[in-house]
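Have a look at the structure first, then go through the points below.

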Amino acid sequence: MRLTSARPRPAPHGRSALFGTRPRRRGPAALLGLALLSGALFALPATTAHAADTLLSQGKVATASSTESATTSASAAVDGDTGTRWSSAFSDPQWLEVDLGAAASIDKVVLNWEAAYGKAYQLQTSNDGSSWTTVYATGSGTGGTETLNVTGSGRYVRLNATARGTAYGYSLWEFQVYGTPGATQPTCGTADAAQGRPATASSTESAGTPASAAVDGDTGTRWSSAFSDPQWLQVDLGSTQQICQVVLDWEAAYGKAYQLQTSNDGSNWTTVYATGSGTGGTETLNVTGSGRYLRLNATARGTAYGYSLWELAVHTGSGVPPVQGGGDLGPNVLVFDPSTPSATIQASLDSVFQQQESAQFGTGRYALLFKPGTYNGLNANIGFYTSIAGLGLNPDDTTINGDVTVDAGWANGNATQNFWRSAENLAVRPSNGTDRWAVAQAAPLRRMHIEGGLNLAPSGYGWASGGYIADSRIDGSVGNYSQQQWYTRDSSIGGFSNGVWNQVFSGVQGAPAQSFPNPPYTTLPSTPESREKPYLYQDATGYRVFVPSLRTNASGASWANGATPGSSLPLSQFYLVKAGATAATINQALAQGLNLLFTPGVYHVDQPINITRPDTVVLGLGLATVVPDNGVSAMKVADVDGVRLAGLLIDAGGVKSPVLLQIGQPGASAGHAADPTTMQDVFVRVGGAGAGSAGTAVEVNSANTIVDHTWIWRADHGTGVGWTVNPADYGLVVHGNDVLTTGLFVEHFQKYDVEWSGERGRTIFFQNEIAYDAPNQAAVQNGATRGWAAYKVDDSVITHEAWGVGSYCYFNVDPTIVVDHGFEVPTTAGVKLHDALVVSLGGDGQFAHVVNTTGAPTSGTTTTPSAVVSYP
């Protein structure tokens with residue numbers, strides 16, 4: 001329930017642009033630089049330019065180590081407007097970086113300083129944003145307008161400033177980079193790189209249908225295989241190529257399921273395209289990848305015969321160069337060390353919180369990371385789009401003697417809008433014995449050891465609408481108080497008090513006994529399957545990502561008896577997504593076999609992020625956000641084993657996307673029981689930050705997928721909100737068999753919030769609000785049924801089971817609307833619901849039943865649930 005608007009933020013204190021006029025203040029980001037480190041760099045003498053001057057930097061993506069305030073962003077230094085400026089925090093060192101979009105020859109840099117200038121600085125270039133070359137250095141900068149002739153090349157240009165010329169920060173009206181653009185990257189070529197090259201195959205039907213016939217340029221000859229699965233056809237391109245398109249010209253015997261794969265050595269393969277619904281004929285497939293060898297790996301025939309191709313054509317020259325793995329974590333990741341004074345750390349924490357406390361739909365994204373050790377006297381208040389985490393392998397490696405706090409002072413004690421934040425992998429010894437984590441949806445507490453009690457309500461015990469705990473140990477009691485609903489998984493707690501509507505536990509040692517609906521506790525002794533979220537940690541070799549193993553019938557924290565079972569990956573195996581990254585670059589990294597680590601930020605993509613390799617890890621820090629442009633999907637996952645999606649927010653764009661996130665292509669049929677794909681702390685939003693539109697938010701086609709904690713939300717408040725302004729039909733659609741959801745939050749979609757057609761699906765905890773903004777009863781009429789159910793299991797399903805499920809209605813436009821039922825399922829012995837409820841919030845709209853025609857109607861304004869303990 002979110003009936004109270006956010007308190008407006010105070011206007012930021014500014015400072016006059018007049019020379020030397022500096023009112024007293026500290027801007028929200030003024031202290032960020034305290035936690036940012038820059039490596040020592042060697043100065044080199046200046047050189048003379050000898051190339052034509054083309055302004056390369058204007059309008060390009062710029063980032064900085066810090067900003068003085070929201071009005072002095074990095075982009076202001078490259079906008080061509082000498083009335084706007086970038087300014088930094090009041091500390092050394094600081095940096096400003098511009099991404100030119102492609103490598104270029106650089107011959108001149110112009111620094112147009114405001115009064116706060118740099119006395120000592122270097123100009124540096126880089127091809128990857130990680131390894132830097134100094135092309136100019138000075139220790140006697142003069143301010144004003146400095147025109148510096150240099151000789152260098154790179155895609156990125158950085159001002160690395162080490163000593164200020166005033167007591168203030170660094171401030172530039174303009175940062176201008178001149179030079180010669182790199183050669184235009186080639187488009188996808190028309191020549192067939194495979195024609196006439198050596199080809200081999202797993203088998204041939206006869207001597208007259210050899211592998212070479214598929215690459216001879218003759219559409220009257222063909223390769224055909226034996227009449228069995230699987231089969232493959234491989235071509236050696238002679239050297240590593242950027243592959244952008246493959247054309248399959250099938251004879252009648254075509255492939256229904258196959259992958260296109262690339263390799264540099266002919267042994268280790270990367271999938272760049274996969275389908276389970278091939279159509280035969282001529283298939284023109286756009287791909288992104290590189291390799292010397294290309295292979296058609298066919299796994300299911302479309303006919304009773306073998307596989308038969310007239311021609312296999314390969315086109316090269318995608319224009320996306322190979323990318324590097326590893327590198328730094330970017331400017332929005334603040335890493336703290338136990339040796340740093342507590343006051344310094346606290347100042348940085350307070351600065352981030354001041355900026356993020358009420359920035360519900362802002363663009364700031366931050367990760368606060370603590371190296372292993374002990375920290376004393378801290379109170380880390382966690383605001384919007386902020387994650388706090390320890391960098392140890394286990395939670396007890398990093399201890400905060402103090403508090404990690406979420407409260408609701410910004411909203412006058414109403415915690416129902418405390419979304420999008422997280423805490424994980426820390427031990428906390430609360431200063432007064434009890435920590436406070438008063439959150440709403442999309443605010444997980446994972447891998448935490450609270451050495452005391454935990455209060456889930458805001459100060460004053462105002463409304464709250466959370467929430468989620470997993471893989472944690474709470475030594476004291478958990479006070480639920482005003483939390484409407486809550487889910488706790490695979491943890492241990494010292495007790496639990498209070499309950500409002502729907503408090504659910506699975507695999508929780510110390511959980512209260514089953515007692516729904518009074519008190520409303522649903523308790524399962526174990527979680528049938530779970531696999532904890534991947535996480536970043538640090539050891540003697542540097543940063544790594546730990547990938548936990550699958551657990552079955554789990555109870556208690558995965559680390560309770562030692563280290564969590566799993567595997568570890570070095571950061572060099574990850575492409576670090578930072579400002580300026582494009583979908584093409586991200587897909588190139590995936591095609592190279594790299595995993596993805598999204599650093600905190602907002603990333604627009606003009607093509608889907610395509611994940612085709614089994615066991616790929618995609619991990620976001622600081623609620624990294626992906627926005628699809630022009631109606632594309634944000635992300636698509638092939639029907640492969642073991643992909644890990646974690647820690648992302650997908651935000652619908654202004655042009656309707658048919659599907660925002662798709663796991664497995666339509667018709668996917670492979671089994672993945674031993675190594676399922678997992679989706680954890682991946683949140684999806686339609687509207688709120690601006691008008692957005694989608695047909696379906698999340699579609700799961702792959703069998704055995706585990707969806708562990710998601711909030712899929714069509715916005716009911718914010719910007720770009722209205723029945724026709726942020727339309728979206730379906731929240732979660734599940735076609736795959738044996739899919740498990742744990743901690744499922746889906747709200748406000750215009751048809752079914754959840755629709756399930758896969759067999760043997762299971763849900764442990766479901767929270768829902770029906771769309772608030774339906775204009776009238778007719779707008780939500782579903783044939784003869786009044787309203788769309790929150791949770792629909794299709795009539796064809798034979799087996800399905802759900803525990804602890806609730807749906808609420810609050811029709812604030814037309815409070816006379818009636819919904820026939822919150823849950824619509826086939827009436828059969830194999831489809832079971834346990835502990836289901838519906839609630840009318842304040843009597844604005846009503847439910848006629850709970851499940852189908854079972855369960856008493858809601859009535860009046862008392863907000864009293866109607867419950868069904870067991871169905872059928």
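**Cavities and cores**

The largest cavity has a volume of about 230 Å³. A cavity here is a set of points on a 1 Å grid over the protein atoms alone where a 1.4 Å probe fits but cannot get out, and lining residues have an atom within 4 Å of a point. Volume is the space filled by probe spheres set on the points, which are joined across faces, edges and corners. This is a predicted model: local features need pLDDT of at least 70, side-chain atom pairs count only at pLDDT 80 or more, and totals for chains, interfaces and linings use all residues. Residues are numbered from 1 along each chain as its sequence is written, and side-chain values use heavy atoms, with hydrogens and water left out.

**Largest cavity**
- It's lined by 22 residues, and Ser387, Glu424, Lys533, Gly620 and Leu621 sit closest to its centre.

**Second largest cavity**
- This one comes in at about 80 Å³.
- Its lining includes Phe749, Trp788 and Phe811.

**Nonpolar cores**
- The largest core has 83 residues, with Leu596, Phe598, Ile609, Leu645 and Phe823 making the most contacts inside it.
- A core means buried Ala, Val, Leu, Ile, Met, Phe, Trp, Tyr and Cys residues joined through side-chain atoms within 4.5 Å, buried being under 20% relative accessible area with a 1.4 Å probe, protein chains only.
- A second, separate core of 36 residues includes Phe336 and Phe505.

Conventions. 1 Å grid on protein atoms, 1.4 Å probe; cavity = no way out; pocket = protein on both sides within 12 Å on 5 of 7 lines; lining within 4 Å. Buried < 20%, exposed > 50% of the residue type's maximum accessible area, 1.4 Å probe, protein only.
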